[in-house]
Amino acid sequence: LDPEAMLFANAEPFVFRRSSALDASGFLAALAAVSTQAALVLKLFVSVEYCNQGAYTLRFYAGGAWTDVLVDTSLPCDDAGTPLCTTALPATSYGVPLLEKG
């Protein structure tokens, strides 16, 4: 990640920069709705204990239960270094691609 990267740039609703190569439109629609309440999005990041080592624990609700998922900060990129996942503005904000990866 960029040395100036941050989990989320501000408490504003997300402005999606680029749609991913994955079919994640349902997930991204839900994330856009939740992003209007920044505190709800931050609750999805249940542990940042290992963020200095490049890992976060995220929590998702699926199949009727909350599930914790450990996600590393390596993001898939094309040959030019452009992320293949959804990003948000500003480009140094990496919370959205981590949530999509989870």
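Where is L98 found? L98 sits in helix 3, and a few notes on the rest of the model follow.

1. Ground rules. Keep in mind that this is a predicted model, where local features need pLDDT of at least 70, side-chain atom pairs count only at pLDDT 80 or more, and totals for chains, interfaces and linings use all residues. Numbering starts from 1 along each chain as its sequence is written, and side-chain values use heavy atoms, with hydrogens and water left out.

2. An open sheet is built from 3 strands in the order 2-3-4, with antiparallel pairing. Helices (H or I, at least four residues) and strands (E, at least two) are DSSP runs numbered from the N terminus, and two strands pair if DSSP finds at least two bridges between them. Strand 2 (45–47) and strand 4 (65–72) are the edges: each has a single partner strand, so one side of each has no neighbour in the sheet. From one strand to the next, the twist averages 40°; axes here are lines fitted to C-alpha atoms, for helices over the stretch in contact, with angles from 0 to 180 degrees between N-to-C directions.

3. The core. The largest nonpolar core has 13 residues, and F45, Y56, L58, L98 and L99 are those with the most contacts inside it. (Such a core is a set of buried Ala, Val, Leu, Ile, Met, Phe, Trp, Tyr and Cys residues joined through side-chain atoms within 4.5 Å.) Strand 3 and helix 3 (95–101) are the elements giving two or more residues to this core. Back to L98: its relative accessible area is 1%, so L98 is buried (buried means under 20%, exposed over 50%, partly exposed in between, with a 1.4 Å probe and protein chains only). L98 and T87 are 11 residues apart in sequence, and their C-alpha atoms are 9.3 Å apart in space.

4. Aromatic pairs. There are 2 aromatic pairs in the structure. Rings of Phe, Tyr and Trp (its six-membered ring) pair if their centres lie within 6.5 Å; planes under 30 degrees apart count as stacked, over 60 as edge-to-face, and the rest as tilted. F45 and Y56 have ring centres 5.9 Å apart and planes at 90°, so this pair is edge-to-face. F45 lies in strand 2 and Y56 in strand 3, so the pair ties together parts that are 11 residues apart in sequence. Both F45 and Y56 are buried. Y61 and W66 also form an edge-to-face pair, at 5.1 Å centre to centre and 65° between the planes. Here Y61 counts as exposed at 52% relative accessibility, and W66 counts as exposed at 54%.

5. Salt bridges. Searching the whole structure turns up 2 salt bridges, each being a side-chain nitrogen of Lys or Arg within 4 Å of a carboxyl oxygen of Asp or Glu. In one of them D68 pairs with R59, the closest N and O atoms being 2.7 Å apart. D68 is partly exposed at 43% relative accessibility, and R59 is partly exposed at 30%. D72 and K101 also meet through their side chains in a salt bridge, 2.3 Å from N to O. That pair links distant parts of the chain, with D72 in strand 4 and K101 in helix 3, 29 residues apart. D72 counts as partly exposed at 38%, as does K101 at 36%.
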